Every structure is written in C-alpha cells, then in structure tokens.
Amino acid sequence: MPLSRSLSMTSLTGVLPPWEEDELPVEDLLLFEVSWEVTNKVGGIYTVIQTKAKITVDEWGDNYYMMGPYFEHNFKTQVESCEPPNPAIRKAMDALIHNGCQVHFGRWLIEGSPYVILFDIGSAAWNLDRWKGDLWDTCNIGLPYHDREANDSLILGSLIAWFFKELTDHLGDKPNVISHFHEWQAGPGLILSRSRKIPMATVFTTHATLLGRYLCAGNTDFYNNLDKFNIDKEAGERQIYHRYCLERAAVHCAHVFTTVSQITAVEANHMLHRKPDVVTPNGLNVKKFSAMHEFQNLHSTNKSQIQEFIRGHFYGHLDFNLDKTLIFFIAGRYEFSNKGADIFLESLSRLNYLLRVHRNDVTVVVFFIMPAKTNNFNVESLKGQAVRKQLWDTAHAVKEKFGRKLYDALLKGQIPDLNNILDRDDFTIMKRAIYATQRHSLPPVTTHNMLDDSTDPILSNIRRVGLFNSRNDRVKVVFHPEFLSSTSPLLPMDYEDFVRGCNLGVFPSYYEPWGYTPGECTVMGIPSVTTNLSGFGCFMEEHVSDPAAYGIYIVDRRFRSAEESCNQLTQFMFSFCQQSRRQRIIQRNRTERLSDLLDWRYLGRFYIHARHLALSRAFPDKFKMDPMAPLKTEGFRYPRPYSVPPSPSASIHSTPHHSDVEDEDDEPYDEDKEAERDRMNIKSPFVLNAVPEGKKQQPGESRN
C-alpha cells in the first residue's frame, strides 16, 4: 500500500487533506520515540519532539510512547505519573525493575499529553563496565571513562535495548514495534537492539552531525571541502572519535536514516557515509488568528514596549524619530561564527555607512539576544530605565495639573491663556527633568557586565567596526547577553512577545541544520533573513517562488565568498530600510501566510513516510511499499504574489527618502484577493538541490 505523496491546493486554507491511500494500521503497531531530550530541555531537539507530540498522539493515540532519561526534578514538574495502558509494557518495565533498574511511567504535561517511559541512569550505573564490554564485543567501540555523557548514553541505550527485548518477547508477532531514535545519545539503544536481532522497525534521525558542528565551530571552510576531510583523523584530534563511532554505527544500523534538511543530507553523506532515505523538516504548532489584523495589532503593541526600553537605554541621545526606527534582532546559542554573528556585524557597519551617506532618516536598533557569562546588569542600563520612568512620572503629573486647569476654564466658557496655564513650579520641574536626562557618556552597547569583556567576540567586533551608539550612527547596537524574560527589570518581555514587536530577524548562519528562529519569525508574521546553508532557507527555496516577496531573505553563503555574502546581506537590510510603512505591513501579511508550510500537520507527513518505509524494510511480508517510488515527499509551492511586479526591484523605491505616506506608485494590494490567487496557483516544488546556473556542483550533491 504505497503512500500518496501529494497535497491539494486547499492546504493554504489551513485544512490539510487526508491521505489518498490507506494510512498505517496504527491499531496493530506500537511507536516509540527515543531521545535524550524527552522531558529534559537541553537544545533544539526538545522543541522538535515537544511540538510534534500533538499530531503524533492524534494519529497514534495510546500506541505512542516517548522514551528518555529520568531526572527527578523534571519528572516532578513535567510528568503526571500513571500506570501503562498496555500490559506488555508493564511486564517489560517490571523485568527491569526486578533486576534493580528503576523505570518510571507517566504522561508528559505538554500539548497532546503523550506517554513517557523514563529510565533512571543512576540506578543502573553499576552495570556500566559490563555494558561497555558488550558494546566492544558487539561493534568494537570503546568508551573512555572520563566522558560521562557517552557513558550515560550507553547506560540509557542498554536499558532501552533490554526493555525492547522484554517487550517483543511478550508481544510476539503482533503488534509490531517501530522505534525512532534521535541523535547520537540515543544511538547505543539502536545499535544494541539491532545486534541482538530484536524484531522491530528502526528509524534514526540526526539533527546535526557531531563532526560537522565541531569543524564549523573552528572556522573551517566546511562545505567546499566536504570530500577532502580525513574523517577519522578530524574526530580523533577533537577527542570525539568514540562519539563519532556511535553516531555512524547508529546511522548504518537503522532501517531508515533521516536528516532534518537537504543541506544536512549532503553533509551526512560525507561525514557518516550514508545518504539519508528521507528528509524530515522540523515544524511548529501553528495557531491561526480568527482575523488577519490580530497579529498586526500584537506587533504594534509589543513594538511599543520595546520602544519604551529604547527610550530609557538611549536617554540623552534620543535624537532619532522612534516612528521611523526599525528594530532588527539576532537570537540563539552564542556560536559567533556558526550563527553568522560575524558577517552580521560587518554588514551592520556597512549599512550604517549607507544610511549616513544617503542621509536617510531611518534609524536601526539591533538587538543581540545571545546568552554569555555575566555577573549582573550594568548600572548605566538600569539608570536609563529609572530616568525614563522618572520622566514619565513628571510628564504625567504636569499633564494632570494642566488638564484640570483646562477643564475648569472650559466649564466657565473661557479659552484659557496657554501662557499662564503652567506656573513657575511646573517649568522648574520640567527643567530639572530635562537636566536629569543629560549624560556625558555614550549609551552602552551591552546591558550587562560581561565577565570576559576584552575577549568577547561580539564586543571585540563592535570595537573593530566602531558601532558605539554615537549620535551620528544610524545603526545602534544593544547586546543583551541573557535570554529574555517577562520578569526582567530591564526588558520585561518573553521571547515570543519580543519577536512579535521586531521588524526583522537576521540569522545569517553558516552552520544551521534547520533553524527554528527564522521559522518562529515566519509563523508570527515577522520577516527574516536566513541562508542557503540552513535547513529552513533550503526548505523555503523549495516551496516559495519568490521568498523575498514573502519576507524571507535568503543570503547565499554556499556559492559565494564571505565578502559577497556580506554585501548581499547589507543590500537586503538597506532595501528593507527603504520600504514604506505600508509596504512593511503588506509584507508581514505575506510572511504570516507561509505559516501553513511550517505546521506539523503538513510536515508530520514526512515522518509518516519514514515510518512506513522502515516497516516495509523490517517486515517486508506484512508491509508493502513500491521500491521504485521516489522517496522525496512532495508538497506545494507558493507562487510570486500577483501584486508584485515582475522585477523584484520594481516594488522597492529607488530613493531612500521615500515617505511613509501612501502614494499612487504603491503596488495595488488586496490581502484576501491575493491569498485566494495564491491558493489557485499552487505548484509542485522544483528539485531542492539544483545548482544555480553558472555555479559548480558541490561534492556529494545529486540532482535527483
């Protein structure tokens, strides 16, 4: 029963159609998903499995279970303990418990409330040496005693393989078991299960190769040298050879191997020597507003809150118009080169030059939201917010007094003398408030006291390019080296609210297997910059004819030099600064319309395809799949918005002095009409990894 791999054009309405062929008989199957980050937030995989849980539970019901390590604090705060509904699972757990290994069961308190089986690593640590011997006898992989993470992964994997052995012995031939393992930490469980010939279908997903992340962090020209690396030598020099061996063994043991993006697929083919069977992009749970204008209202509300912070941070130097100020930001782990903060800062320097040369009245305030080592907020930042609040209180008090006098005069039928309505005390208070805003130093570029101020990469590069928030700078920088929180005394906003208030997210990553940050911007209707070296950027190139028209700016970091990429990013940001307010509103509408593409209701189908393929390989007598059918799951492709002129530059005004006032040259636009035309013009996507004309095909690429 081959799976249908097409979507109808009605998908854009937010209601995705059912499969054209029969779905998997989930009542005769059990699905287990294994990850180190089940109930344990460490990195981005936590977001993947947490957000995907809802659509998986909807499909599988009580036949879906997540597995991971047990941590007491996480269990008490995130899991509701209960009894397993399946007696075979209870018996398999008891087999481990009776041998001194603790296993916990419950419902994870997230959307979908999936069942979780958590294994206590500490209770089974006494078996570590014996299990190390088993791993060596099985596949000649030895683990050093000092690598605690690898040792814990082996304990977890051994417990999981033991559990699956007990479970399949109790189940017999029905129901069949599918187990899906994420990342190398879950790899030992897959390796041991396959070596013991446990009858189940297996899927392994790598979200980023171990060695790829290490090499890119070392400023290596990674993608142009994929076929030149001595993999064993590079892993050995970085003392991760044993981890690399676990990852590679898991990849080759799995019935089906998947990655999260086409760019990671090319990387895995070289680093792990297996071409992925399926690409399974990462999604989000998209919640649609009942009316289009609601997310625009949220943008306006949250932008006002960010502007209040800007008023305080730049007090005494607030000589720019906040109504003509754009807010850019970059956020994520503090990986200076991998996340593209290096070319972002260089591009901001060039953008600052362009805005000054063209005498543009637009100011850009850029936030760097990247956690680093600090000891507290700096005094100047806190003082700025205190000064702002004091000015607000002063203005409010004078306004109240002014309002009462005006009210009394109008009641008497008089027009008050505006020269006398404020007395000498009022002027004294206002003058004192003005003097309080004077400062002899420039606004700080960071909100916290940095522990490594002299060597910090962001601060060092800010010094190099000279972005010190001076009065003549049109680009202002605020480095916030801490995750955002609504309880902060400085910028009291949660990350989601902050993103909604910004104008543009900039994520010019060099190494980004997927990239949730631009995806989150998209579903909130905020334009973003990404690259064709990120999974998100490649995915958008595949599904959108003109990504820039929809607010997705894709920097070419794959086929261009760093200098060319930097110039392209600068031009993207400068063009964005030239847009009128009306054009930005139209673009946000178009950006938000792409959210259907990132919804798990659509992207979850790639996982369905991977599971079906695994079953057909593990149990070929029971589950059939056409071996000649293409493995690429097809979707839909957004056309260029019909209101955008044929030339991409024609919709952008040629002068940076364009007014925000609408004029006759503005493009004709009707949101409902344009969305309806898009629905009627959905097309199948072109091949994702096609090489642009005139460019050399990279090692390991295929043209499909």
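**Helices and their neighbours**

Author: Let's begin with a helix and its covered side: in helix 9, the buried residues are H242, R243, Y244, C245, L246, E247, A249, A250 and V251. Buried means under 20% relative accessible area, exposed means over 50%, and partly exposed lies in between, using a 1.4 Å probe and protein chains only. Before going on, note that this is a predicted model, where local features need pLDDT of at least 70, side-chain atom pairs count only at pLDDT 80 or more, and totals for chains, interfaces and linings use all residues. Residues are numbered from 1 along each chain as its sequence is written, and side-chain values use heavy atoms, with hydrogens and water left out.

Reader: How many helices and strands does the chain have?

Author: Helices (H or I, at least four residues) and strands (E, at least two) are DSSP runs, numbered from the N terminus. Here you get 22 helices and 17 strands. Of the 704 residues in the chain, 58% are buried.

Reader: What does H242 touch?

Author: Contact means heavy atoms within 4.5 Å. H242 sits in helix 9 and is buried, at a relative accessible area of 9%. Leaving out residues up to four places away in sequence, H242 touches I141, G142, L143, P144, D147 and A150. For the chain, take contacts between residues at least 6 apart in sequence: 75% of these join residues at least 24 apart.

Reader: What span should helix 9 have at 1.5 Å a residue?

Author: The expected span is 1.5 Å times one less than the number of residues. Helix 9 (residues 241-253) has 13 residues, so it should span 18 Å, and its end C-alpha atoms are 18 Å apart, which agrees.

Reader: Which residues of helix 13 are buried, and what covers them?

Author: The buried ones are S381, G384, Q385, V387, T394, V398 and A409. Their cover includes helix 11 and helix 14 (424-436). After helix 13 comes G413, with a positive phi near 75°.

Reader: At what angle do the axes of helix 3 and helix 5 cross?

Author: Axes are lines fitted to C-alpha atoms, for helices over the stretch in contact, and angles run from 0 to 180 degrees between N-to-C directions. Angles under 35 degrees count as roughly parallel, over 145 as roughly antiparallel, 65 to 115 as roughly perpendicular, and the rest as oblique. Helix 3 (residues 87-97) and helix 5 (residues 148-171) have axes that come within 8 Å and cross at roughly 135°. That makes helix 3 oblique to helix 5. On helix 3 the contact uses A88, I89, K91, A92, M93, A95 and L96, and on helix 5 it uses L159, W162, F163, E166, L167, H170 and L171. By class, that is 11 nonpolar, 1 polar and 2 charged residues. Ala, Val, Leu, Ile, Met, Phe, Trp, Tyr, Cys and Pro count as nonpolar, Asp, Glu, Lys and Arg as charged, and the others, Gly among them, as polar.

Reader: Are helix 1 and helix 21 roughly parallel or roughly perpendicular?

Author: The axes of helix 1 (residues 44-60) and helix 21 (residues 600-618) come within 10 Å and cross at roughly 75°, so the two are roughly perpendicular to each other. The contact of helix 1 with helix 21 has 6 nonpolar, 3 polar and 4 charged residues.
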